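Dear colleague,

Please read them alongside the model.

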Amino acid sequence: MRYLTFALTKGRLADKTLELLEKNGLGCKEMEDKKSRKLIFVNEEKKLKFFLAKGPDVPTYVEHGAADIGVTGKDIIMEENRNIFEVLDLGFGKCRMCVCGPEEAREKLRHHEMIRVASKYPLIAKDYFHNKKHQTVDIIKLNGSIELAPIVGLSDVIVDIVETGATLRENGLSVLEEICPLSARMVVNQVSMRLEAERIRKIINDLKEVI
Ligand code: PRP
């Protein structure tokens with residue numbers, strides 16, 4: 001039996017995923033040692049390998065077959081737009097992708113004015129405004145602290161993740177439109193899904209029972 005390799009998103013998402021896998025005996029004891037600098041962890045009994053990666057790299061590893069299975073956020077899956085299968089909503093890491101900004105931007109959105117949109121997710125922003133709303137906008141790519149953009153006058157609105165809403169509230173911004181709900185998803189390499197169909201389907205079904 002060959003190893004099935006998992007690419008997990010470093011941090012809270014990996015911890016939650018391992019917790020779920022553990023409930024089916026599919027976890028990895030070695031990974032509980034947080035001080036370890038090892039990059040690859042093995043569950044010999046079940047012939048599984050695990051590695052930790054940055055969220056946006058997970059779909060890349062999975063598309064190229066360096067990992068058979070990956071776990072990352074729906075936001076990243078949408079933005080990376082890779083040729084992979086999304087097979088399961090893991091039900092944690094829940095938040096929303098939203099258009100946010102100061103209240104006065106609401107009118108500009110309503111009248112389909114030409115606005116500037118700052119986001120870490122230019123593809124999602126473009127798809128939403130161009131394809132769903134048929135509104136021409138100027139998209140500005142940023143890498144973090146997106147809420148700054150409308151405050152300092154870089155953009156009219158932002159497209160960003162809202163979880164508790166605290167960042168928006170503390171900076172005088174609001175949710176103006178909701179694009180879609182987000183959560184952690186399991187993705188699978190397209191060839192692995194065929195070659196290892198039985199094992200992968202069993203993992204998916206076992207996880208469904210504990211979600
Ligand atoms: C994310 C997101 C928002 C914030 C939302 O940022 O971009 O800024 O969390 O969470 P809240 O609704 O609970 O306040 P993150 O902390 O990942 O950092 P970033 O600004 O560098 O993207």
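A polar side-chain atom of Asp160 sits 2.7 Å from an oxygen atom of the ligand, within the cut-off for a polar contact, which is a pair of N or O atoms within 3.5 Å (within protein, one must be able to donate a hydrogen and the other to accept it, and residues adjacent in sequence count only if both atoms are side-chain atoms). Taken alone, the ligand exposes 500 Å², of which the protein buries 66% (Shrake-Rupley accessible areas with a 1.4 Å probe; for residues, only the protein chains shown count as cover).

This is a predicted model, in which local features need pLDDT of at least 70 and side-chain atom pairs count only at pLDDT 80 or more, while totals for chains, interfaces and linings use all residues. Residues are numbered from 1 along each chain as its sequence is written, and side-chain values use heavy atoms, with hydrogens and water left out.

An N or O atom in the side chain of Lys120 is 2.7 Å from a ligand oxygen, and a polar backbone atom of Ser145 is 2.9 Å from a ligand oxygen.

As for the arginine, Arg185 counts as buried because its relative accessibility is 10% (buried is under 20% relative accessible area, exposed over 50%, partly exposed in between, with a 1.4 Å probe and protein chains only). The side chain of Arg185 also makes a polar contact of 3.0 Å with the side chain of Ser183. Beyond its neighbours within four places in sequence, Arg185 is in contact (heavy atoms within 4.5 Å) with residues including Glu86, Asp89 and Lys74.

Best wishes
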